[in-house]
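Take a look at the model below. Then read on for a short tour of its helices, cores and loops.

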Amino acid sequence: MSNNETLEVRNKPLLKQEIAFLIVHLLPLFALLTGATLFDWIVCAFLYFFRMFWITGGYHRYFSHKSYKTSRWFQFVIAFMAQTSAQKGVLWWAAHHRHHHRTSDTPSDPHSMKLYGFWYSHVGWIIGPDYKKTDYKTIGDYAKYPELMWLNKHYLVPPVTLALIVTALGAWVNGGSILLMFTHHGLSTLFVGFFLSTVITYHGTFSINSIMHKFGKQRYESGDESKNSLWLALLTLGEGWHNNHHYYEVAARQGFFWWEIDITYYGLKILSWLGLIYDLKGVPGHIKYSKNKQHAKELAAKIKEKELSMAELRKSA
Ligand SMILES: [Zn+2]
Ligand SMILES: [Zn+2]
């Protein structure tokens, strides 16, 4: 174990372990041979936002932070959808993310940009050999479900399924028949619609770990370097309110104020209206309008003693 001053030794990636990750980054270039249709670009944009929604609403807000509840069958659907992003197993993802919150910007943080630099926090920790395993103890509350354990182990099933569907759809739309899947009609959709959007989704997600602990504004004293940024919140469907999130991590919404656009939260609201999820956790007033945990405690006490109303709290902001 390291103390607060000593950085941990983080091992360099082994090329032979990371060939697949490298190939995923290179495959979109094959579109130079196949060409790309308007349909392929639409699929690319759609799959970026579709999968970003399940990453933030699923991997992150549900499995890492339990910010809402759902049924067992829909929990599996959420896990499957999140894993179509090819960001490994749901238990792997959530366990490492819990680890990040517990150790944010300390030497044991898997991806502290402050301590380990931009490249390591962005992608180095993922391709390095140190964080390959799932820590089942950290994620015991979900590791008890055999179907999630199965999905976590066979983490490529969802992305491969999606890739096949996308290729068939491309063949049908671009070429008129799904029998043309493995001709340029289907393959162009695979390279641009699936692989290019997978790569962009990777770096959209990774940017939360790297630059969201560096650039932007800090509203709350969260004890780490986390920041808020509108443009990153738009690109990542709400994850850019990262300082809010580090300050109060259990909320289903990361935009705490109405003007803090959080598209994932709107999507989760729709799922709750459909009855698929419920008990979305909100942000209590004493948290929202406080500066730090001590201040939040004082506000909570005042609200309890009825010395302070919500209206006064709002005005004080
Ligand atoms: Zn989090
Ligand atoms: Zn963070």
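In which loop is Lys88 found? Lys88 sits in the loop between α4 (72-83) and α5 (90-103). Helices (H or I, at least four residues) and strands (E, at least two) are DSSP runs, numbered from the N terminus.

## About the model

This is a predicted model: local features need pLDDT of at least 70, side-chain atom pairs count only at pLDDT 80 or more, and totals for chains, interfaces and linings use all residues. Residues are numbered from 1 along each chain as its sequence is written, while chains are lettered from A and ligands numbered from 1 in the order in which they are written.

## Loops with positive phi

Lys88 is not a glycine, yet its phi is positive, near 65°. Lys88 is partly exposed, with 18 other C-beta atoms within 10 Å. The cut-offs are these: a residue is buried if 20 or more other C-beta atoms lie within 10 Å of its own, exposed if 12 or fewer, and partly exposed in between, with C-beta atoms placed from the backbone.

Asp279 also has a positive phi, of about 55°, and is not a glycine. Asp279 is found in the loop between β2 and α15 (285-288). Asp279 counts as exposed, with 11 C-beta neighbours inside 10 Å.

Which residues of α14 (263-273) are buried? They are Thr264, Tyr265 and Leu268. Seen down the axis of α14, these buried residues fall within an arc of 95°, so they line one face of the helix. The arc is that of the directions from the helix axis to the C-beta atoms.

After α14 comes Gly275, with a positive phi near 80°.

## Helix α3 meets α11

The axes of α3 and α11 (184-209) come within 8 Å and cross at roughly 35°. Axes are lines fitted to C-alpha atoms, for helices over the stretch in contact, and angles run from 0 to 180 degrees between N-to-C directions. The residues of this contact divide into twelve nonpolar, seven polar and two charged. Here Ala, Val, Leu, Ile, Met, Phe, Trp, Tyr, Cys and Pro count as nonpolar, Asp, Glu, Lys and Arg as charged, and the others, Gly among them, as polar.

His60 counts as buried, with 25 C-beta neighbours inside 10 Å. Leaving aside neighbours within four places in sequence, His60 is in contact (C-beta atoms, placed from the backbone, within 7 Å) with Ile55, His65 and His97.

## The nonpolar cores

A nonpolar core is a set of buried Ala, Val, Leu, Ile, Met, Phe, Trp, Tyr and Cys residues joined through C-beta atoms within 7 Å. The largest has 36 residues. Tyr59, Ala82, Val90, Leu91, Ala94 and Phe191 touch the most other members. At least two residues each come from α3, α4, α5, α9 (146-153), α10 (157-175) and α11. The largest share, ten residues, is from α3.

Which residues does Val90 contact, leaving aside its neighbours within four places in sequence? Val90 is in contact with Tyr59, Phe63, Ala79, Ala82, Gln83, Leu148, Leu151 and Asn152.

How values were computed:
Contact = placed C-beta atoms within 7 Å.
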